[in-house]
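This report describes the side-chain links found in one protein model. The sequence and the structure come first, and the description follows.

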Amino acid sequence: MRIALAILFASLALVAQANGIYKWVDENGVVHFGEQPPNDGDVEVIKKPKSERYKQWEAEQQSALAAEESKNPAPKPPAEKKPAGQPEPRQPAQMEKEIARAEAAARAQRCQASRKTLKTLNSHARVREMDESGNLRMLGEDERQQRITQEQQSIRKNC
């Protein structure tokens, strides 16, 4: 019994692999996927089947395309297809909202960084800093107090 079921499922998997998958858009703009391509319209082959039926259909489509091109000698520009994952063009109002969100996120990040730096400056009397050449140096007390004031102003501005 188990062997018969295993053979049945294996044969179903082979049949499923033999059929192709096609994608097309109907006159209402609805996208369809199927194993049998429609007789008319623009069809995109998602997965090519390994059958003679597909080869025959593909040959018919190529001959129909060649006949169409011979009737209309002027070349048509290719239809622009946007790459997968590319966002749709945005409206100005939507762009303004996204910019506002990005600015708010940047302010929140600056706020968090300023609070962390202020906490470090207040909790440690001796603070080291890396200079432009990559060397560590100690901040003097005046410089540390100046940085504390700067961070407090940054917190008022960003938080």
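## Salt bridges

The count of salt bridges comes to 3. The model is predicted, and the values below are computed from it.

Arg-137 is partly exposed, at 31% relative accessibility. Glu-143 is partly exposed as well, at 24% relative accessibility.

## Pairs within helix α4

Helix α4 covers residues 141-158. The side chains of Glu-141 and Arg-144 meet there in a salt bridge of 3.0 Å, N to O. These two residues are 3 residues apart in the helix, so about one helical turn separates Glu-141 from Arg-144. Is Arg-144 buried or exposed? Arg-144 has a relative accessible area of 9%, which is under the 20% limit, and therefore counts as buried.

Arg-147 is partly exposed, with 25% relative accessibility.

## A linked network

Which residues are linked in a network of salt bridges? They are Arg-137, Glu-143 and Arg-147.

## The disulfide

The structure holds 1 disulfide. Cys-111 and Cys-159 form it, and their sulfur atoms are 1.7 Å apart. Cys-111 lies in helix α3, which spans residues 92-123, while Cys-159 lies in the segment after α4, so the pair ties together parts that are 48 residues apart in sequence. Why is the disulfide of Cys-111 and Cys-159 described as right-handed? The torsion about its S-S bond is about 110°, so the disulfide is right-handed.

Cys-111 counts as buried, at 10% relative accessibility. Cys-159 has a relative accessible area of 43% and is partly exposed, because this value falls between the 20% limit for buried and the 50% limit for exposed.

Definitions and conventions
Residues are numbered from 1 along each chain as its sequence is written. This is a predicted model: local features need pLDDT of at least 70, side-chain atom pairs count only at pLDDT 80 or more; totals for chains, interfaces and linings use all residues. Side-chain values use heavy atoms; hydrogens and water are left out. A salt bridge is a side-chain nitrogen of Lys or Arg within 4 Å of a carboxyl oxygen of Asp or Glu. Buried means under 20% relative accessible area, exposed over 50%, partly exposed in between (1.4 Å probe, protein chains only). Helices (H or I, at least four residues) and strands (E, at least two) are DSSP runs, numbered from the N terminus. A disulfide is a pair of cysteine sulfur atoms within 2.5 Å.
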